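Hi,

Here is the structure I promised to pass on.

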Amino acid sequence: MPEKIEWYLEFVDYDYRPSKTDLIVTFYVEPAKGMSFEEVAGRVASESSVGTWTTLAELPYRIKSLKAKMYERDGNIIKIAYPLDLWEPNNVPQLLSGIAGNIFGMKAVKNLRLIDYEPPEEYVRNFKGPQYGIQGIRKLLKVDERPILATVPKPKIGFSAEEQAQVAYEIWTGGIDLLKDDENLSSLPFNKFEKRVEYAQKMREKVEAEIGERRSYLINITAETEEMKKRARFVADLNWEYVMIDIVTTGWAALQTLREVCEDLKLAIHAHRAMHATFTRNPQHGISMFALAKTARLIGVDQIHTGTVVGKLEGPEGEVTKINEFLRNDWYHIKQTFPVSSGGLHPGLLPEILKRFGSNLVIQVGGGVLGHPMGAQAGAKAVRQAIDAHLENMSLDEMAAKNIELKAALDKWGYLHPK
Ligand code: CAP
Ligand code: MG
């Protein structure tokens, strides 16, 4: 009998019933031409756990207990159970190198998408999760019920540090809770990080003295990890409450490091997801935003962008709702993470956002404030008036009849869904 070359089908077992401690992954699989579904599914389970392309001369005795098993199929959707011993506690890069690594490049798959993964409590208990969570953020900002509001100055890059503080004055006095740096604003010749943070601090003191309300700032510390640690310390020294991190471009290891640093510095983490659409957007291939958001909550971000459905950026209705519900639901000891709705929003779209996702949300409006015909402070007021209309069960037109700022916003953008 010629020696067997492959052993993939040993990773397929429809009679297997996962144990309580298995980590379960749901994939969408499209086999390459000329390959059976089980051969390909077996390859996915093998290559993401202990196997390789061919049978091996010698196998340590424990291999049997470490093999992943594809145990369920529903059309192109499969479930694979992974023994817990495959996964090092508190090591997210290693988890993703397994369940989201080589398998995406295998010739055997035409398409592959990681839809979700369900870690057992034994795995989740190794992680801190968010330091503040939704309740903690609301307490921090002294905002009980309504959505938390943020505005990012636009153009996204171009203001000097001092000019940005002027914009901050406008939006904070107009009623927006959080100033936000844009995802690609780090430390630039005309807008040095330290200067920006210092000018904003002085402006916050002025505004809070004037209006008697809490205001804060999502300060983008995105950089090399050691530099991010330095910037986080600088932010904490000036008694700010948040840092913002572009978690995809900085990477999971950096986020885990900064989560530890932010615990000591008592800083909340706002997660921007720039670059996620390189792998989340294609429904047949890549990794779902749901899996990305779950990973970010596990490590411990307090807020994360999850989409709007109606704004300028892609985000399927069902998935955004599912992500937002997961982030706000209980998950073992892991606190809730605030979903952030942002991207192409303006006052005319806010009732739709609140109807779809409720008020337990952070809403970011950048161009929809800085593009207001009467200026940024009026833009901020128009956002608050749109939110108040919804909370008071009034139409925008009724609210606009009493508020010139909202009327001007509706005259400019109406109920436009930007592209
Ligand atoms: C929004 C934004 C955010 C996007 C990110 C921008 O500005 O600042 O980065 O919301 O997308 O740069 O486009 P606008 P997502 O309010 O002017 O659109 O929230 O989907 O991650
Ligand atoms: Mg941005």
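I'd start with the ligand. An oxygen atom of ligand 1 sits 3.0 Å from an N or O atom in the side chain of glutamine 364. With glycine 366 the backbone is involved, as one of its N or O atoms lies 2.9 Å from a ligand 1 oxygen. The protein covers 93% of the 480 Å² of accessible area that ligand 1 has on its own.

Keep in mind that this is a predicted model. The confidence values are worth a look before you zoom in: the protein has a mean pLDDT of 96, and 100% of its residues reach 70 or more. Confidence is lowest in helix α2 (residues 63-66), though the mean there is still given as 93. At the other end is strand β9 (residues 268-272), where confidence is highest, at 99.

Back to the ligand's surroundings. Ligand 1 takes up the space of the largest pocket. How many residues surround ligand 1? There are 17, and the closest are Arg273, Lys312, Ser342, Gly344 and Gly367. Sorted by class, that shell around ligand 1 has eight polar, six charged and three nonpolar residues.

As a rule, most residues other than glycine have a negative phi, and most peptide bonds are trans. You'll find proline 155 in the loop between β5 (148-151) and α6 (161-174).

The other spot is lysine 142, with a positive phi near 55 degrees even though the residue is not a glycine. Lysine 142 is in the loop that runs between α5 (133-141) and β5.

That's it from me. Happy browsing!

Methods
Residues are numbered from 1 along each chain as its sequence is written. Chains are lettered from A and ligands numbered from 1 in the order in which they are written. This is a predicted model: local features need pLDDT of at least 70, side-chain atom pairs count only at pLDDT 80 or more; totals for chains, interfaces and linings use all residues. Side-chain values use heavy atoms; hydrogens and water are left out. A residue is near a molecule or strand if one of its heavy atoms lies within 4 Å of it. A polar contact is a pair of N or O atoms within 3.5 Å; within protein, one must be able to donate a hydrogen and the other to accept it, and residues adjacent in sequence count only if both atoms are side-chain atoms. Accessible areas come from the Shrake-Rupley method with a 1.4 Å probe; for residues, only the protein chains shown count as cover. On a 1 Å grid over the protein atoms alone, a cavity is a set of points where a 1.4 Å probe fits but cannot get out, and a pocket is an open set with protein on both sides within 12 Å along at least five of seven lines; lining residues have an atom within 4 Å of a point. A molecule sits in a cavity or pocket if more than half of its atoms lie within 2 Å of its grid points. Ala, Val, Leu, Ile, Met, Phe, Trp, Tyr, Cys and Pro count as nonpolar, Asp, Glu, Lys and Arg as charged, and the others, Gly among them, as polar. pLDDT is the predictor's confidence in each residue, from 0 to 100. Helices (H or I, at least four residues) and strands (E, at least two) are DSSP runs, numbered from the N terminus.
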